[in-house]
Amino acid sequence: MNPVTATLALFSRDLRAVIRSRSQLYSSIFTPLLFLVFLGNGVSKGLSPSKLPAGDFTAYLVAGVVVMTSVFSSTFSSASYYRDRDSGLLRMLLSSPHSAGVLLLGKSLAGVLIGSIQALIVLAIASPFVDFRWQYGIIPGILTAIAAVVLLNVILGGLAQAFASRIQTMQGFHLVMNLALFPLLFFSGAFFPVENLPVWLEVLAHVNPLSYAVDALELAAYAENSSAFFGIGLDFLVLIAVAVVIYAVGFTRLPKLTWSGK
Amino acid sequence: MTSPKPPVIEARDIVRSYGERRGLDGFTLSVPAGSVFGLLGPNGSGKSTFVTMVAAMEPPPSGSLLVFGQAPTTSLRRRTGTVFQENAQDPLMTVEETLALSGKLFGLSRARIRERGSELLAAFGLSERAHDTTAMLSGGMRRRLEMARALLHDPDLLLLDEPTTGVDPDERKAFWQALLERERGSRTVLLATNDLTEADNVCDQVAFIRDGRVVTAGSPADLKRGLKRESLHVTWPDATEAQISELAAWPEAGALSRDGDVLRITVDDASAFVPRLFAVAHGGIRSVSIETASLEDAYFLHVGQREPRPVIGVSS
């Protein structure tokens, strides 16, 4: 009864479910791209973000929509908990000889991979809008961007799974996710620079893990180091620490996972 | 001389409360190895709660429960296969994928999943539908897939929670044939149901449950012993307690129970009993049917009517 085999079985099952659910797959990718095209072009003339030399808002938004893709994806992936409960599949999973931790790990891994692939697809499609600089070199820059995206999805996936295993209804889950994740997204530097915000908002931005993902993506792909950034070392330190804490706390408090939703 | 096998399930004084209500209230039961054991009781009597505990999906809050001589744990689940009251299937997965996922979770190799999966799909008449998604199956086929899934890892204990609910008679027959022709005696089966005819046909042992307690247990033959040969089902809405007491006192009347408007009386000779009955009822009887006494009569004798019914307008 190998937990790795069980994790991989759940992982491939969730992956297959997303691939078969085309509307979810396409909307997760195209919604952020619509933001990029419409919001980017619409606001470009009115803003000149100090982080980018050209002051081009469309280019500025790229890191933000990559993060946004991950936010949407983690929410959709974790909502599969409710589909599994409603279809009855969760009963089958919970009657297998594996702990709830193994079951959630399998589902989390699938969510991380799906979210990362979708985010990287968005980054690839958005690349014509961006003047990539690859300040660390192309290959290290790409690897750094991938690592940042994967870590971001680990954090969001862990957070979403922790909520999903405690909230009874899918409607409640989406409400809580929106309440928790939209402020994080807004004050991450994804849509506007955070350095000129009021102090309390700037503090929020500094304790927001998404800010470090945005920072790492910008530094890896198309910005150059300056005092306006946290720095790539600090970015990864924070992302790794938050991921570890979320999973450690999330997986030690799993018993709320029930098939009946009661 | 060989010693008798220890019971597969041993429950003692289990209490499980849901707020004010007690789902199980001093539940005590012993299930012998190799038996097909029926848990019979009305909806809400505690059958599913007990099955969930035996499946190690919820520990008993008080009392004790031993399955194969040990407290149910996650690892013990490898020895049990469970068919839940509702299907446990993903509508986006095919029949084959459903079995493969379950097989992997129970640690079977790919080759074993293929071999055992094909064997079970053939036994349950699903080979032709292996590549269809479960959403494309009929209700009966989904229940048969549930059974194939529960048997895939060859469990020692099969837990069936109302496995044929919503299944038409032909499908039901095929379901039990596929299970019992292959499986009887090779493993222990715990069947939770409120279908008394089904239990009478398939179970070696049964326990009647009411309000979270075992009222009585034994083989269907034991429980029917003492009943008379024939069973009268008398629709008599206005029967008073005094009239019922008078009937119960007749030496010809055996077990007598009331289920709503229907009185169930077991008798040896219905042709002699019915004219006397009409004389007592003074025209209040709407219909009488005569059947051979069954487990259902034993059930109503021990468990009583399904729902408590207030008696209105009856004077003593």
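Student: How many salt bridges are counted between chain A and chain B?

Tutor: Happy to start there, with the reminder that this is a predicted model. One of the pairs joins R20(A) to E97(B), whose closest N and O atoms are 2.7 Å apart. That falls within the 4 Å cut-off for a salt bridge. The count between chain A and chain B is four.

Student: Which helix gives the largest share of the side of chain A that touches chain B?

Tutor: Good one to follow up with. Both α1 (3-20) and α4 (89-94) of chain A supply at least two residues each to that side. The largest share is eight residues, and the helix it comes from is α1(A).

Student: How do the residues on that side of chain A divide into nonpolar, polar and charged?

Tutor: Let's set the contact numbers out before the classes. In chain A, 22 residues are in contact with 24 residues of chain B. Sorted by class, the residues on the chain A side are 11 nonpolar, seven polar and four charged.

Student: What area is buried between chain A and chain B?

Tutor: The size of an interface is often given as the accessible area lost when the parts come together. Here carbon and sulfur atoms give 65% of that area. The total buried between chain A and chain B is about 2200 Å².

Student: Now chain B: which strands stand at the edges of its open sheet?

Tutor: The sheet has three strands in the order β2-β1-β4 (chain B), paired antiparallel. A strand with a single partner has one side left without a neighbour in the sheet, so the edge strands of chain B are β2 (21-31) and β4 (62-67).

Student: Which residue of β2(B) is the bridge partner of E10(B)?

Tutor: Strand β1 of chain B covers residues 9-18. Eight bridges join β1(B) to β2(B), and the two run antiparallel. Within β2(B), the bridge partner of E10(B) is S30(B).

Student: And what angle does the direction of helix α1 of chain B make with that of β1(B)?

Tutor: Helix α1 (residues 47-54) of chain B packs on the sheet, touching β1, β2 and β4 of chain B. Its direction and that of β1(B) make an angle of about 120 degrees.

Methods
Residues numbered from 1 in each chain as written. Chains lettered and ligands numbered in written order. Predicted model: local features only at pLDDT ≥ 70, side-chain atom pairs only at ≥ 80, totals over all residues. Heavy atoms only, no water. Pairing = 2+ DSSP bridges. Helix = DSSP H or I, 4+ residues; strand = E, 2+ residues; numbered from the N terminus. Contact = heavy atoms within 4.5 Å. Axes fitted to C-alpha atoms, helices over the stretch in contact; angles between N-to-C directions. Buried area = accessible area lost by both parts, 1.4 Å probe. Salt bridge = Lys/Arg side-chain N within 4 Å of Asp/Glu carboxyl O. Nonpolar A, V, L, I, M, F, W, Y, C, P; charged D, E, K, R; others polar.
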